[in-house]
Structures are given as C-alpha cells and as structure tokens.
Amino acid sequence: MAQGEVLGFEEYVRTRQEALLRSARRLVPDPVDAQDLLQTALARTYGRWDRIEDKSLADAYLRRVMINTRTEWWRARKLDEVPTEQLPDASIEDGTEQRADRALLMDILGVLAPKQRSVVVLRHWEQMSTEETAAALGMSAGTVKSTLHRALARLRQELENREAASRDARLAEERGRERCAA
C-alpha cells in the first residue's frame, strides 16, 4: 500500500473511530468484544483499503466487515453453553431509566438471529434507509423489510414475555409477604 493510502487510512480511523465503535457496540453487547470486533474489522479493511475506490463508502464497507466478523464469531462459538430459565439481572450503573431501557434492549437483541440483529441495528440505530441496509447486507429491499418485520415481532414477543414474568414474580412476592403477615 502506498504511503498516501496508509496516511489516508490512519486519518479515516482517527476521524471515524468513535462512530465505528458505537456501531460495534450495537452488534455485540460486551464493550471489550466490541473493541475487538472493531480492531479485527479495521485490520481486515487495512489490507484492502487501496481497493476501496469511493472512500465515502468506507463506513458501509467497515460495517459489513464487522457484521461478517461477528457472524463468523457467532458460528464458531462453543456450544457448551447451558440455557437457563432466568436471565441474569442487567447491571445498571447510574440507575437512570434511559440506561435501564438501553440495557434491556441490548439484552433482548440477543434473542435475534445475527441476520435479524444486523437489519435492526442498521435500520434503527444507524438510521439507514431500507435500500442502504439492503446494499450493506447484500440482500434485496424486500428481504430487509420482511426480516425487519419478523425481528421486531420477535422483540415485541420477548418483551411481553419478560414483562409477564416480572409481573408474576411481583405477585408471588406479594403473596409470600401476605402469608408471612397472616
């Protein structure tokens, strides 16, 4: 790669680093994994930087590399995980409702398949149009729409299930207190 290309890549990373890290954080919930994902995507992109003719599309290219890398990691994960009935409580550092909502959303995004999660992230967090999302993911606009529809329905169902479980737990706790008082 020519010296000018190297400097161009370094400048690009310097100016876009924060936005790219936010995109990575939306693809993987763990901050350390997000940094690893971005670093891996940048390393992969560095070798092909001179082949990207339109540098204004570099963000889309890097997002695609991050999505592909995350999908590779997901497929390569060890399947010795043990499913549990209850999910661990999300830690909320500052206690604000906005952070709690964000933590819940990041948690329930985990129920989606990687393709669905990618569509939701690009359409709603990155605020890309249907056509931009389709181009970034290499699928048709119709597929993006149907995938988004199914993903949002799945997220709604998961949220309703969690709310019902929370209500049931509160009712059981109240009944337990009533028995103790009697």
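Glu72 is partly exposed, with a relative accessible area of 41% (partly exposed lies between buried, under 20%, and exposed, over 50%, using a 1.4 Å probe and protein chains only). Its partner in a salt bridge is Arg44, at 3.0 Å from N to O; a salt bridge here is a side-chain nitrogen of Lys or Arg within 4 Å of a carboxyl oxygen of Asp or Glu. Glu72 belongs to helix H3 (residues 58-76) and Arg44 to helix H2 (residues 31-46), so this contact ties together parts that are 28 residues apart in sequence. Helices are DSSP runs of H or I with at least four residues, numbered from the N terminus. Arg44 is likewise partly exposed, at 34%.

The model is predicted, with local features needing pLDDT of at least 70 and side-chain atom pairs counting only at pLDDT 80 or more, while totals for chains, interfaces and linings use all residues. Residues are numbered from 1 along each chain as its sequence is written, and side-chain values use heavy atoms, leaving out hydrogens and water.

In total, the structure holds eight salt bridges. One of them joins Glu126 and Arg26, with the closest N and O atoms 3.0 Å apart. Since Glu126 sits in the loop between helix H5 (114-125) and helix H6 (130-137), and Arg26 in helix H1 (residues 3-27), the pair ties together parts that are 100 residues apart in sequence. Glu126 is buried, with a relative accessible area of 18%, and Arg26 is buried at 18%.

Within helix H7 (residues 141-181), Glu158 and Arg162 lie four residues apart, about one turn of the helix. Their closest N and O atoms are 2.9 Å apart in a salt bridge, and both residues are buried. Salt bridges with shared partners join Asp107, Arg154, Glu158 and Arg162 into one network.

Technical notes
Helix = DSSP H or I, 4+ residues; strand = E, 2+ residues; numbered from the N terminus.
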